[in-house]
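Please keep the sequence and the three-dimensional view at hand while reading.

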Amino acid sequence: MARYKDMIPYIVFGVLTTLVNMVAYWLLAHLLKCGVMPSTIMAWILAVLFAYFTNRQWVFHSEAHTIQETAREIVSFFLCRMATGIVDWGGMLFFAGCIHWNDVLVKFVMNVVVIILNYVASKWIIFKHRKE
């Protein structure tokens, strides 16, 4: 059970990150009329910033203490999120932009896929705990 101790807070903050992403996307795309792709990218940036601070502090309990360790952690976090962001953007571009499926539904489905990929990257790459 201890092996999965970070899953509950990850799910909670994953849901909150998804809310940040979805609300920001809706406000930008539907209220401010920024368009699908600019809204997707801006919402992604806000969600990644929210996710980094919550994941670092409350989910994976970062062990990075020096400037070098923290810089490595931040860079790897943003690079992994960029990779999953490309998955999100590609899905939005294809399903919402080209096929014209409901953009909010596509955004939700893409967020589920991205949350799973981000958990794997966070657990095994970014916030991997040092062996004693």
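## Salt bridges

The salt bridges in this model, which is a predicted one, number two. Side chains of opposite charge can pair when their charged atoms come close. One of the two salt bridges joins R56 to E73, with the closest N and O atoms lying 2.8 Å apart. This pair links distant parts of the chain, since R56 belongs to helix α2, which covers residues 36-59, while E73 belongs to helix α3, which covers residues 67-98, and 17 residues separate them. R56 and E73 are both buried.

A salt bridge is also formed by the side chains of D88 and K107, at 2.8 Å from N to O. D88 is part of helix α3 and K107 is part of helix α4 (residues 103-126), so this pair ties together parts that are 19 residues apart in sequence. Are D88 and K107 buried or exposed? D88 has a relative accessibility of 2%, and because buried means under 20%, D88 counts as buried. K107, with a relative accessible area of 0%, is buried as well.

## Helix α1 and what it packs against

Helix α1, made of residues 7-31, contains 25 residues and reaches 34 Å from its first C-alpha to its last, which is close to the 36 Å expected at 1.5 Å a residue. An α-helix has 3.6 residues a turn, so residues three or four places apart point the same way. The buried residues of α1 are Y10, F13, G14, T17, T18, N21, M22, A24, Y25, L28 and A29, and the partners against which the buried residues of this helix pack are α2, α3 and α4. After α1 comes K33, which has a positive phi, near 55 degrees.

V15 is also found in helix α1, but with a relative accessibility of 47% V15 counts as partly exposed. V15 and S122 are 107 residues apart along the chain, and their C-alpha atoms are separated by 16 Å.

## Helix α2 and the setting of N55

In helix α2, the buried residues are S39, T40, A43, W44, A47, V48, A51, Y52, T54, N55, R56 and V59. The buried residues of α2 pack against α1, α3 and α4, and just after this helix H61 takes a positive phi of about 45 degrees.

N55, which has its place in helix α2, is buried, with a relative accessible area of 2%. Which residues are in contact with N55, once its neighbours within four places in sequence are left aside? The contacts of N55 are Y10, F60, H61, F77, R81, S122 and F127.

A nonpolar surface patch of about 660 Å² is formed by V87, L105, F108, V109, V112, V113, I116 and L117. Which helix gives the most to the nonpolar patch? It is α4, which contributes seven residues. V87, another residue of the patch, lies in helix α3 and is partly exposed, with a relative accessible area of 33%.

F108, one of the patch residues, is found in helix α4 and is partly exposed as well, with a relative accessible area of 45%. The C-alpha atoms of F108 and T18 are separated by 7.9 Å, although these residues are 90 residues apart along the chain.

## G85 and the cysteines

G85 has its place in helix α3, and at 0% relative accessibility G85 counts as buried. From G85 to V114 the distance in space is 7.6 Å, C-alpha to C-alpha, while the two are 29 residues apart in sequence.

How many disulfides does the model have? The count comes to zero disulfides. As for the cysteines, C34 counts as partly exposed at 31% relative accessibility, whereas C80 counts as buried at 16% relative accessibility.

Conventions:
Residues numbered from 1 in each chain as written. Predicted model: local features only at pLDDT ≥ 70, side-chain atom pairs only at ≥ 80, totals over all residues. Heavy atoms only, no water. Salt bridge = Lys/Arg side-chain N within 4 Å of Asp/Glu carboxyl O. Helix = DSSP H or I, 4+ residues; strand = E, 2+ residues; numbered from the N terminus. Buried < 20%, exposed > 50% of the residue type's maximum accessible area, 1.4 Å probe, protein only. Patch = residues over 30% accessible without salt bridge, like charges linked within 9 Å, V, L, I, M, F, W, Y side chains within 5 Å. Areas by Shrake-Rupley, 256 points an atom, 1.4 Å probe, with all protein chains shown as cover. Expected span 1.5 Å × (residues − 1). Contact = heavy atoms within 4.5 Å. Disulfide = S-S within 2.5 Å.
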